[in-house]
Amino acid sequence: MIKYKLFCRNCNLKFDSWFASSNEYERLKKKKLLSCHKCNSIKVEKTIMAPQLINKSNADEKVSIEKYNKVKKTIMGYQKFIKENFKFVGENFAYEARSIHYNSKKKSKGIYGSASKKDLKELKEEGIDAQMIPWIDENEN
Ligand SMILES: [Zn+2]
């Protein structure tokens, strides 16, 4: 299938039309079977070929990659801030969070690390505030 943009010399309408092949377009044109959608004039001509289906999906894909990169950049920005200002506790997050919470004398800057959803739920029930943020492994590319 091939898509042409057609132009009507009579009423100036531009419209898209599908053909099985470029030969089919020529055949229909010769037989005067091509007519304007609006005024039925046969003074219809092919303008530029518009293989839009392929280009469109490529464009969509490009947009989503750009969006993803933008979001990724934002997350990386958060990560940089957290790494500079928070202490990394890895898998011990729930333990460390509790020890800070229950030992008020213990002075500590914020911590970050990994915790399960169950951990987070339990911490929340104990009144310990923890935020979950998306995390990108920098080695992933
Ligand atoms: Zn027309």
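A residue is taken as buried if 20 or more other C-beta atoms lie within 10 Å of its own, as exposed if 12 or fewer do, and as partly exposed in between, with C-beta atoms placed from the backbone. The structure is a predicted model, in which local features need pLDDT of at least 70 and side-chain atom pairs count only at pLDDT 80 or more, while totals for chains, interfaces and linings use all residues. Residues are numbered from 1 along each chain as its sequence is written.

The protein has four helices and five strands, where helices (H or I, at least four residues) and strands (E, at least two) are DSSP runs numbered from the N terminus. In order from the N terminus, the elements run β-β-α-β-α-β-α-β-α. Of the 141 residues of the protein, 7% count as buried. Two residues are treated as being in contact if their C-beta atoms, placed from the backbone, lie within 7 Å. Among contacts between residues at least 6 apart in sequence, 54% join residues at least 24 apart.

The largest nonpolar core consists of five residues, Y4, L6, C8, L34 and V44; such a core is a set of buried Ala, Val, Leu, Ile, Met, Phe, Trp, Tyr and Cys residues joined through C-beta atoms within 7 Å. Strand β1 (residues 2–8) gives the most to this core, with three residues. In soluble globular proteins, nonpolar side chains tend to be buried together. When its neighbours within four places in sequence are left aside, V44 is in contact with L6, F7, C8, L34, S35 and C36.

Strands β1 and β2 pair in the antiparallel sense over six bridges, pairing being assigned if DSSP finds at least two bridges between two strands. The bridge partner of K5 in β2 is D16. The hairpin of β1 and β2 has five residues between the strands, and N12 takes a positive phi near 65° there. N12 is found in the loop between β1 and β2 (14–19) and is not a glycine. Most residues other than glycine have a negative phi. N12 counts as exposed because it has 10 C-beta neighbours inside 10 Å.

A positive phi of about 60° is found at K32, which is not a glycine either. K32 is placed in the loop between α1 (22–30) and β3 (44–49). With 9 C-beta neighbours inside 10 Å, K32 counts as exposed.

In helix α3 (residues 93–102), the buried residues include F93, A94 and A97. These residues lie on the same side of α3 because they cover an arc of only 95° around the axis, the arc being that of the directions from the helix axis to the C-beta atoms. The cover over the buried residues of α3 includes β4 (87–90), β5 (111–113) and α4 (117–125).

Helix α4 itself is hardly covered, and the count of buried residues among its nine residues is zero. G127 follows α4 and has a positive phi, near 80°. Q131 is placed in the segment after α4, and counts as exposed because it has 7 C-beta neighbours inside 10 Å. Q131 and Y112 are 19 residues apart in sequence, with a C-alpha to C-alpha distance of 9.4 Å.
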